[in-house]
Amino acid sequence: MDVNKSSGKNSSVLTNDELAVYEFAFRDEFNGMHIPQEKQEYYIEKILNANEDAILHLRKKGAIAISREVLQEDNIFGA
C-alpha cells in the first residue's frame with residue numbers, strides 16, 4: 001500500500017505506527033459493518049493518503065468516527 005510513511009514529526013504525515021494502528025482499526029470497523037474487502041481497500045487507501053486537512057481531521061476524530069464518515073457523500077477524504 002502506497003501511503004504517507006514517515007517517522008518524523010510532520011503533522012500532515014502519518015507515522016508508521018499510526019498507519020498500522022489506523023489500518024487495523026479501519027479493517028476491524030469495516031468488517032463489523034460488513035463492508036466488502038474491495039471497498040475496504042478503497043476507503044483505507046483514500047483515508048491514509050489524504051491531504052493535510054483530512055489527516056488532521058482523522059487524528060482529531062479517530063478511526064471509529066471516520067469509518068462511518070467516509071461512507072457519507074462529500075466527505076473530506078474524497079471517497
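I take exposed to mean over 50% relative accessible area and buried to mean under 20%. The model I am reading is predicted.

**Entry 1: overall layout**

I looked up the elements of the protein chain and found 4 helices and 0 strands. From the N terminus on, I read them as α-α-α-α. The chain has 79 residues, and buried residues make up 37% of them.

**Entry 2: helix α1**

I turned to α1, which covers residues 16-32 and has 17 residues. From its first C-alpha to its last, α1 reaches 24 Å, close to the 24 Å expected at 1.5 Å a residue. Which residues of α1 are buried? I listed L19, Y22, F26, R27, E29 and F30. Seen down the axis of α1, these buried residues fall within an arc of 165°, so they line one face of the helix. On the other side of α1, I found D17, V21, F24 and G32 exposed.

I then asked what covers the buried residues of α1. The cover includes α2 (37-48), α3 (52-61) and α4 (63-69).

**Entry 3: the segment before α1**

I looked up L14, which lies in the segment before α1. Is L14 buried or exposed? Its relative accessibility is 0%, so I count L14 as buried. I also checked L14 against E52: the two are 38 residues apart in sequence, and their C-alpha atoms are 9.8 Å apart in space.

**Entry 4: the nonpolar core**

I went to the largest nonpolar core and found 18 residues in it. Which of them touch the most other members? I wrote down F26, I47, L48, L58 and F77. The elements that give two or more residues to this core are α1, α2, α3 and α4. As background, I noted that in soluble globular proteins nonpolar side chains tend to be buried together.

F26 is among the buried residues of α1, and L58 is among the buried residues of α3.

**Entry 5: helix α3**

I listed A54, I55, H57 and L58 as the buried residues of α3. They cover an arc of only 160° around the axis, which puts them on the same side of α3. The face turned away from that buried side carries the exposed residues D53 and K60. I found that the cover over the buried residues of α3 includes α1, α2 and α4.

N51 caps the N-terminal end, with a side-chain oxygen lying 3.2 Å from the backbone nitrogen of D53. Just after α3, G62 takes a positive phi of about 90°.

**Entry 6: H57**

Why does H57 count as buried? Its relative accessible area is 19%, and the cut-off for buried is under 20%. Which side chain does the side chain of H57 meet in a polar contact? I found that of E69, at 2.9 Å. Leaving out residues up to four places away in sequence, I recorded that H57 touches I66, E69, I76 and F77. F77 is also one of the core residues that touch the most other members.

I kept one general point in mind: most residues other than glycine have a negative phi. Where is H34 placed? I located H34 in the loop between α1 and α2, just after α1. The phi of H34 is near 60°, a positive value in a residue other than glycine. At 70% relative accessibility, I count H34 as exposed.

I looked up D74 next and found it in the segment after α4. D74 has a positive phi of about 55° although it is not a glycine. Is D74 buried or exposed? D74 is exposed, with a relative accessible area of 79%.

Methods. Residues numbered from 1 in each chain as written. Predicted model: local features only at pLDDT ≥ 70, side-chain atom pairs only at ≥ 80, totals over all residues. Heavy atoms only, no water. Buried < 20%, exposed > 50% of the residue type's maximum accessible area, 1.4 Å probe, protein only. Expected span 1.5 Å × (residues − 1). Arc of directions from axis to C-beta. Contact = heavy atoms within 4.5 Å. Core = buried A, V, L, I, M, F, W, Y, C linked by side-chain atoms within 4.5 Å. Polar contact = N/O pair within 3.5 Å; in protein donor to acceptor, adjacent residues only side chain to side chain.
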